[in-house]
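Please open the model in your viewer and keep a selection panel at hand. The stops below say what to pick next and what is to be found there.

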Amino acid sequence: MDNSDLFICIDHVGLAVPDLDEAIKFHTEVFGWRVLHREVNEEQGVAEAMMGTGAQLPENAQIQLLAPLNENSTIAKFIAKNGPGMQQLCYRVADIDAVSATLRERGVRLLYPEPKTGTGGARINFVHPKDAGGVLLELTQPGNADH
């Protein structure tokens, strides 16, 4: 896979928040963002909302608000350790299997052996932060026509 083919764009920035409704209220009332999508992902242990603003062009990045469903979720552990804030950066890809294989060939560790289901049915995986300069980097292959 050619270097130029790995990523399409920045899909979203994930923010860990203790209370989803409060975070939505803040982002809509203070920053003027709009709720584009909201769901609960039991497997990932989060309640989430995708926020957007202005014209929603396919290449426009979004903000993902992530609140823990319970104290054992990854987001709850992140907030306990770091407090609320930026939890991950997400790159959109056209073919997550091909990108995953290329990254593994280049010595990058992914958190899951196979992609899991993310927001809106997207296929997702994560690059280990130690292999991405300390940043939790998500890869997403959108599963709907919103992207």
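**A buried glutamate**

Begin with Glu48, which is buried at a relative accessible area of 3%, where buried means under 20% relative accessible area, exposed over 50% and partly exposed in between, with a 1.4 Å probe and protein chains only. This is a predicted model, in which local features need pLDDT of at least 70 and side-chain atom pairs count only at pLDDT 80 or more, while totals for chains, interfaces and linings use all residues. Residues are numbered from 1 along each chain as its sequence is written, and side-chain values use heavy atoms, with hydrogens and water left out.

Glu48 belongs to strand β3; strands (E, at least two residues) and helices (H or I, at least four) are DSSP runs numbered from the N terminus. Leaving out residues up to four places away in sequence, the contacts of Glu48 include Leu20, His37, Arg38, Gln64 and Thr119, contact being heavy atoms within 4.5 Å. Leu20 is 28 residues from Glu48 in sequence, yet their C-alpha atoms are 7.0 Å apart.

**The sheet**

Next, colour the strands: eight of them form an open sheet with mixed pairing, in the order β2-β3-β4-β1-β5-β8-β7-β6, two strands being paired if DSSP finds at least two bridges between them. β2 and β6 (116-117) stand at the edges with a single partner strand each, so one side of each has no neighbour in the sheet. Towards β5 (residues 85-92), β1 runs antiparallel and is joined by seven bridges, and His12 stands opposite Cys90 in β5.

**Nonpolar core**

Now select Leu20, Leu65, Leu103, Val127 and Leu139, the residues with the most contacts inside the largest nonpolar core, which has 23 residues. Such a core is a set of buried Ala, Val, Leu, Ile, Met, Phe, Trp, Tyr and Cys residues joined through side-chain atoms within 4.5 Å. A second, separate core of six residues includes Ala16, Val46, Ile75 and Ile79.

Arg92 lies in β5 and Asp11 in β1, so the pair ties together parts 81 residues apart in sequence, and both residues are buried. Glu43 is the partner of Lys116, with their closest N and O atoms 3.2 Å apart; here Glu43 is exposed, at 52% relative accessibility, whereas Lys116 is partly exposed, at 27%.

Notes:
A salt bridge is a side-chain nitrogen of Lys or Arg within 4 Å of a carboxyl oxygen of Asp or Glu.
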